[in-house]
Amino acid sequence: MNMRLRRLWGMIRKESLQILRDPSSISIAFIMPVILLLLFGYGVSLDAKNIPLGIVIEQPDTAAQSLAGAFDRSEFFRPQRFAAIQQARQALAERRIDGILWLRNDFSSRLLSGNEAPIGVFVNGVDSNQANITKGYIQGTWQAWLQHFAAAQGRALDLPVVMEQRIWFNPALSSRLFLVPGLIAIIMTMIGSLLTAMVVAREWERGTMEALMVTPLHMGEMLAGKLIPYFALGMGGMLLSVAMALYLFDVPLLSPFWLLMLCSALFMLVSLAIGLLISIVTRNQFLAGQVALVVSFLPSFLLSGFLFDIHSMPEWVQIITYLVPARYFVAILQTLFLAGPVWPVVLVNAGAMLLMLVILTVLVVKKSYKRLD
Amino acid sequence: MGASMKHDVALSFRDVRQTFSGGEHALYALDGVSFDIAPGRVTGLIGPDGAGKTTLMRLACGLLRPAAGEIRVQGLDAVAEPLAVQSAVGYMPQRFGLYEDLSVQENLDLYAELQGLPAEKRTARYDELLHMTGLTPFTARLAGRLSGGMKQKLGLACALLRAPRLLLLDEPTVGVDPLSRRELWAIVYRQVQAQGMSVLLSTAYLDEAERCDEVLLLHQGKLLGQGPPADFSAEVQGRTFQVSAADISQRRLQTRLSQAPGVLDALVEGETVRLVMQQTGEPAAPDLLPDLNDVCIRSVAPRFEDAFVARLKIRHAAAATLGGLNLHIDASGDEEVIRVHGLVRRFGDFIAVNDVSFSVCRGEIFGLLGANGAGKTTTFRMLCGLLPASGGELSVVGHDLHSARAEARRHIGYMAQKFSLYGDLSVLQNLRFFASSYGLRGRVQDERVQWALDTFELADYHEANARDLPLGYKQRLSFAAALMHEPEILFLDEPTSGVDPLARREFWARTNALAEAGVTVLVTTHFMEEANYCDRLVIMAEGTVLAEGTPREMKARARSADHPDPTMEDAFIQLIEQREPGEGKGRKKDEKK
C-alpha cells in the first residue's frame with residue numbers, strides 16, 4: 001500500500017511540475033477562460049439593442065411625432081428618418097437598416113377612429129431570429145406608446161386582449177446571464193478533454209510511456225496520477241470562471257456553493273475520462289487534439305444548449321444531444337445559477353452524468369493495459 | 001519477492017514469433033527466435049534496422065505479447081506475469097524515456113519513486129550514479145537542455161536506480177558522440193562487475209559487437225548466430241586484407257576491387273581498401289588489379305563486421321555502377337561551388353550553429369561529421385535555403401539559396417534525414433511527381449524515371465507504396481528522387497542513419513560513382529568510419545567546427561605513441577577532449593579511470 005502511494009505521489013508530482021512548466025497548459029486552464037468569458041460576456045449578446053430602424057412619416061402631425069419620439073427614446077432602436085418609403089426600402093435592401101416603420105398620411109385619422117392597424121412595419125427576414133426580435137420590440141414599443149397615448153387622451157384603450165408578460169429567472173432577459181454559466185461547461189470541457197487528451201498522447205509520442213511501463217507502476221496508479229493534477233487544474237479554471245461570473249458579470253448564484261462544486265467535479269471527471277480515452281486510443285498528439293475537438297469540444301459548444309436551444313433543434317439532433325455530457329451540465333449550471341436548487345433538474349442531469357462516468361471509466365480501464373500492442 | 005533467487009539463465013526465448021499486423025502475407029518481426037542469456041555478462045543484440053531488435057526488447061520486458069513461444073525473464077514468465085517482469089528489469093527505451101521538461105534531479109526522483117527505491121537509500125545511490133555519469137554539476141538542469149550524450153547517461157542512470165538484475169538497453173548509443181559511447185560502455189561494465197548485473201544491449205553499430213561478451217546476431221527477424229564476437233570473426237579468418245595502390249584514388253580502387261574476382265566485400269578504410277575474400281588465401285595482386293603496379297596487399301585481423309558482411313552479402317557488383325547518369329557538368333577546375341563564412345543560426349537564446357566556415361570544391365565529397373545535435377542538419381538547411389541564417393555569409397554556386405529564385409535551386413538535389421516522400425504514392429508515382437516538380441515532362445521524364453528504376457533496382461517495387469518499402473529501398477527511392485533533375489550539387493542529410501551495413505555499402509558505391517561523374521556531394525553522418533569516404537570534411541560539435549581537412553590530416557593529428565594508427569573515432573575523441581573545457585567538458589578527464 002505504501003509503495004502504491006509512493007508511486008502515485010511520484011506521478012502526481014511529475015505531472016504537476018510538467019503542468020507548471022508548460023505555458024500551454026497554464027494558458028488553456030487560466031488565460032483561455034478569461035478570454036472566452038470576456039468575449040461571450042461582453043462581445044456576444046443575443047439581445048437586440050440599437051436596431052437600425054427606418055421611420056417614414058408622411059404626415060408629421062402630433063400623434064406621429066409622438067410615436068416616432070417613443071422609438072427615439074427606446075434603447076432598442078437607433079431610428080433614422082426617411083422622407084419617402086422608397087428610400088427606406090432601398091436602405092433596407094442595402095441592409096443599412098433592419099426594419100421600417102411606415103406612418104402613412106392617414107395615420108392620425110385612422111388612429112383616432114380606431115378601426116384598422118394604422119402602421120406599416122417591414123422587417124428584413126434574412127436573419128429570422130433577428131427579424132422576430134425586431135418585430136417583437138416594434139410591437140412592444142407600439143403598444144406601450146398606444147396605452148400612453150390613450151391615457152393622455154383620457155379614454156381607455158379598447159384592445160380586445162391585453163397581454164401581460166412576466167419573465168421568470170432572468171427578468172431582464174439578459175442573454176449574458178445564461179451564456180456565462182453555460183460557458184463554464186465549455187471551459188471545463190477544454191481543460192478536461194482537449195488538454196488531457198493531448199498530454200497523455202504526448203507521452204506516447206515521446207516514448208516516455210514505454211519507460212514508465214517498465215517500472216512496477218500499475219496502470220491504475222498511472223491513470224490516477226494523470227487524473228488528479230488535471231482535475232485540480234480543471235477545477236481551478238472552473239473556480240476562476242465562477243468568480244468572474246459572480247463578480248464581473250453579476251450573475252446571481254441562487255444555489256449553495258457546495259452543490260455547484262459537486263456537480264462541477266462530476267462533470268470534470270466525465271471530461272477527463274473522455275480525454276483519457278481519446279489519448280489511449282489515438283496515441284498521437286495531433287490526432288488526439290482533432291478527435292477531442294470534434295467529439296468533445298464542438299458538441300459541447302453546439303449541442304449542449306449553451307448557445308442554441310435544444311428544443312428548437314430537429315428531433316434527430318435532439319437525440320444526439322443526449323450523448324453530449326455538457327448538455328446535462330449546462331442544464332445544471334443554468335438552473336443552479338439562475339433558478340436555485342431545483343432538485344428534479346439537478347438529480348436527473350447529475351444522474352445522467354454519473355452514468356456516463358461509469359461507462360467511460362469501464363472503457364478507459366478496459367482500453368488501458370501495460371502493453372504497447 | 002524472488003529477487004534473491006539465483007537463476008542460471010537471465011533471459012530465455014523459446015521459439016518466439018511475433019507478427020506485424022496487416023498485409024495479406026504475414027510478416028514476421030521475429031521468426032522462431034530461441035536463445036538463453038547467461039547472467040553476469042554483457043550480451044549485444046546486433047542487427048540492422050528492421051531486424052527486430054526493438055520488438056525483441058519489448059517482448060523481453062512484457063510490453064508486447066508474442067504471437068507464439070515462451071519468454072522467461074529471471075525465471076519469470078513474461079507473458080503471464082508482465083508486471084513482475086517489469087518490476088525486475090531495468091529498461092531504457094530508444095530516446096531514453098526522459099521527461100525533457102523535468103530537471104535531472106526530478107527525473108531521478110520520479111524513477112526512484114516508481115521503482116520503489118527506499119528514501120533512505122536514495123542519497124547514496126544518487127551520488128553514486130551522478131558521479132559515475134558525470135552529471136553531478138547538472139542536477140538542476142532540464143533534461144531537454146542536456147547534450148545527447150548526457151541525456152543518454154541520465155536515461156541509463158534512471159534505469160539503474162534500483163540496480164536491476166537484468167538491464168535492457170535499446171540502442172543506447174545511436175547518434176551519440178563516440179566519447180559518450182565509450183563512457184557508456186565503461187559504466188555498463190562497471191555495473192556488471194560491481195553488481196553482477198546481466199545486460200542485453202541492442203545496437204546497429206557493428207564495431208560495438210566487439211565490446212560485448214557475447215553477441216546475438218539478428219537479421220530480418222531471424223537469429224543468425226550466438227556466441228562471443230571472436231567466434232564470428234574466426235569464420236573469416238584468413239580472408240581479410242588491406243590493399244593499397246599508387247596512382248589511383250581510394251574510391252576508384254574500391255570500385256575496381258569490389259568488381260574483382262573472388263572479392264566478397266571492398267570497403268574504404270583509411271588510406272587503404274579493406275577486402276573480404278570469398279575464400280581463404282592471399283589473393284595475388286595481378287588477379288585483382290591486372291593493370292596496376294605498386295599494389296600492396298597485407299593480411300589483417302578479421303573483425304565482426306567482416307563476418308557480418310560475409311554471412312549476409314550476396315554479391316551484387318552491378319549496384320556499384322551508376323548507369324548513364326548523363327550529367328552535363330564541366331568537372332574541370334578546382335572551382336569553389338560552396339562557400340560558407342562565419343555562419344550563425346540562433347533559435348531564441350540557443351545557438352545551433354556558431355561561426356561555421358568551410359568551402360567545397362567541384363566534384364568533392366565533403367563530409368559534416370558529428371553527433372546528433374552538433375548542428376549538421378541546421379547548417380544543411382541553411383545551405384539549401386530552407387532556413388535563413390542569423391548571420392554570416394553563404395553561397396551555393398554563387399547564390400544564397402534562401403533569397404535566390406527557383407532557377408538556382410535546379411542546381412541542387414536534397415535528400416532529407418527523414419523519409420520525405422509520399423508514403424501513399426507508389427514508387428513510380430513518387431518518381432513521376434519529383435520529375436515533374438523539376439519541370440521534366442514527356443519523353444525526358446519517361447527516360448529519367450526509367451533510369452531511376454534501373455539504376456536503383458526499384459523496378460520490382462514500382463507498384464508498391466513507398467510507405468511499405470523496406471528501409472533500404474526507401475533510402476534508394478529518396479536518393480533517386482533527389483537525382484531526377486541531374487543536379488550538380490547533392491545534399492545528403494544522414495543518408496545512412498539506421499540503414500544496414502550492406503545498404504550502406506551500396507549507398508557509398510553510388511555516391512562514389514556520382515562524385516566520379518563530377519557531382520559535388522555534401523553529406524552529414526554520425527558514423528565516424530564513413531568519414532573515410534570523404535575527400536574533405538569538417539568535424540562539428542555543439543554548433544562549432546572543431547577541425548577541417550582531409551581524413552588523413554584529421555587522423556594525423558591524433559597520432560601519438562599510444563595510437564600509432566588512430567581511427568577517425570580516435571581523432572574525433574581527441575578533438576573533443578582538446579576543446580576548451582567549457583561546461584560539461586572538463587569533467588570528462590577526471591572521470592576516466
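The entries below go from the chain contact to helices and then to single residues.

**Ground rules.** This is a predicted model, so local features need pLDDT of at least 70, side-chain atom pairs count only at pLDDT 80 or more, and totals for chains, interfaces and linings use all residues. Residues are numbered from 1 along each chain as its sequence is written, while chains are lettered from A and ligands numbered from 1 in the order in which they are written.

**Chain contact.** I looked up who takes part where chain A meets chain B: 23 residues from chain A and 25 residues from chain B. Contact here means that the C-beta atoms of two residues, placed from the backbone, lie within 7 Å. On the chain B side, the elements giving two or more residues are α2 (82-88), β6 (89-92) and α3 (104-115). I take helices (H or I, at least four residues) and strands (E, at least two) as DSSP runs, numbered from the N terminus. The most comes from α3(B), with six residues. By type, the chain B side divides into 13 nonpolar, six polar and six charged residues.

**α3(B).** I checked its length next. At 1.5 Å a residue, its 12 residues should span 16 Å, and the end C-alpha atoms are 17 Å apart, which agrees. The expected span is 1.5 Å times one less than the number of residues. Is α3(B) enclosed or open? It is largely enclosed by the rest of the structure, because 11 of its 12 residues are buried. I use buried for 20 or more other C-beta atoms within 10 Å of a residue's own, exposed for 12 or fewer, and partly exposed for in between, with C-beta atoms placed from the backbone. Among the buried residues I noted Glu106(B), Asp109(B), Tyr111(B) and Glu113(B). Their cover includes α1 (2-21) of chain A, along with α4 (119-133) and α5 (148-160) of chain B. Just after the helix, Gly116(B) has a positive phi of about 70 degrees.

**α16(B).** I ran the length check again on residues 501-516 of chain B. The 16 residues of α16(B) should span 22 Å at 1.5 Å a residue, and the end C-alpha atoms are 22 Å apart, which agrees. α16(B) is mostly covered, with 13 of its 16 residues buried. Gly518(B) follows α16(B) and has a positive phi, near 100 degrees.

**A helix pair.** Two packed helices are described by the angle between their axes and the distance between the axes. I took α13 (residues 427-437) and α14 (residues 442-455) of chain B, whose axes come within 10 Å and cross at roughly 135 degrees. That makes α13(B) oblique to α14(B). Angles under 35 degrees would be roughly parallel, over 145 roughly antiparallel and 65 to 115 roughly perpendicular, with the rest oblique. From α13(B), Leu428(B), Leu431(B), Arg432(B), Ala435(B) and Ser436(B) meet Gln445(B), Arg448(B), Val449(B) and Ala452(B) in α14(B). This contact divides into five nonpolar, two polar and two charged residues.

In Arg283(A), phi is near 55 degrees. Arg283(A) lies in the loop between α10 (257-282) and α11 (285-302) of chain A and counts as partly exposed, with 17 C-beta neighbours inside 10 Å. In Gln220(B), phi is near 50 degrees. Gln220(B) sits in the loop between β9 (214-219) and β10 (222-227) of chain B.

**Single residues.** Where is Ser403(B) found? I found Ser403(B) in the loop between β18 (391-396) and α12 (406-409) of chain B, and it counts as exposed with 9 C-beta neighbours inside 10 Å. Ala68(A) is in helix α3 (residues 62-73) of chain A. Leaving aside neighbours within four places in sequence, Ala68(A) is in contact with Ile55(A), Ile57(A) and Pro79(A).

How values were computed:
Nonpolar A, V, L, I, M, F, W, Y, C, P; charged D, E, K, R; others polar. Axes fitted to C-alpha atoms, helices over the stretch in contact; angles between N-to-C directions.
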